[in-house]
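Visitor: Can you walk me through this one? I'm new to it.
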Amino acid sequence: MGSKGRVPLREFEGRALMMEISLKMERPTIRNWEQYYQDNELEVMPWYFDGLDHDFDNKIKELGLSSGNVLDIGSGPGTQAMEISKYGFNVTGIDISPTAVKKAARLADQRHIPVKFIVHDILKGNFEDKFDYVFDRGCFHVQDVSLRADYVRNVSNIINKGGYLFLKCFSYKQEGTEGPHRIHPDEIREAFSKNFDIISIADTLFDGNHKPPPKGLFCTMKKR
Ligand SMILES: C[S@@+](CC[C@H](N)C(=O)[O-])C[C@H]1O[C@@H](n2cnc3c(N)ncnc32)[C@H](O)[C@@H]1O
């Protein structure tokens, strides 16, 4: 350090950058998601689950769904989109990270599973296709609270009338503060009830590598 009590600009900027990065890493931003998928193997990611998350699986069976257009928002490793497609749906996965999309597409190719993966930010408009069912496992809960209205508007615009949104997020009952936002059922109602009938919001656990499994909410909503 130079004269007493003063931090040279370079060092200060370095520390400020470190601080910014470590704060951002707690709830990754666009740049961090891409970096994260570049730096890590899919199989070690906390959310990686090589089967269909039990809530989605049960819901598909309960409603007797077996065909239609499905969008998986924030598809990441792509395993959920691939498992959903095995039921007979026509599935598209979108993710903000080009590397996630590339890795998911490669995995789907190796497994001979016909899912389309596209780079797209759900907070931005202009997605032209429409869907009967939209799945979100872990994307809504990483969005900035101030941008929830953008998420709801865009998701609402791409679901056909009478279509379903199945959304799984961290619950306010999950301990700690790192990672995704903890969400209360009232926040779901507040964000979505203008465009959707809220059919159910159930306490649940996340399937994946994270132990113990994080506490979640599984929300079923129907587009008006
Ligand atoms: C917690 S991971 C869940 C991945 C996947 N749904 C699963 O369950 O395996 C959240 C995913 O959302 C993606 N994501 C974050 N913000 C996004 C946005 N605005 N639009 C699209 N994808 C986004 C991230 O890149 C990441 O792959």
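Visitor: Which residues in helix 5 are buried?
Guide: In helix 5, A100, V101, K103, A104 and A108 are buried. Buried means 20 or more other C-beta atoms, placed from the backbone, within 10 Å of the residue's own. This is a predicted model, where local features need pLDDT of at least 70 and side-chain atom pairs count only at pLDDT 80 or more, while totals for chains, interfaces and linings use all residues. Numbering starts from 1 along each chain as its sequence is written.
Visitor: What span does helix 5 reach?
Guide: Helix 5 covers residues 98-110 and reaches 18 Å from its first C-alpha to its last. That is close to the expected 18 Å, taken as 1.5 Å times one less than the number of residues.
Visitor: And which residue just after helix 5 has a positive phi?
Guide: H112, at about 55°.
Visitor: New topic. How many residues surround the ligand?
Guide: 20, and the closest are W33, G74, G76, I96 and G138.
Visitor: How does the shell divide by residue type?
Guide: Into 10 nonpolar, seven polar and three charged. Here Asp, Glu, Lys and Arg are charged; Ala, Val, Leu, Ile, Met, Phe, Trp, Tyr, Cys and Pro are nonpolar; the others, Gly among them, are polar.
Visitor: Zooming out, how many helices and strands are there?
Guide: Seven helices and seven strands. These are DSSP runs: H or I of at least four residues for helices, E of at least two for strands.
Visitor: How much of the protein is buried?
Guide: Buried residues make up 35% of the 224.

How values were computed:
A residue is buried if 20 or more other C-beta atoms lie within 10 Å of its own, exposed if 12 or fewer, and partly exposed in between; C-beta atoms are placed from the backbone. A residue is near a molecule or strand if its C-beta atom, placed from the backbone, lies within 6 Å of it.
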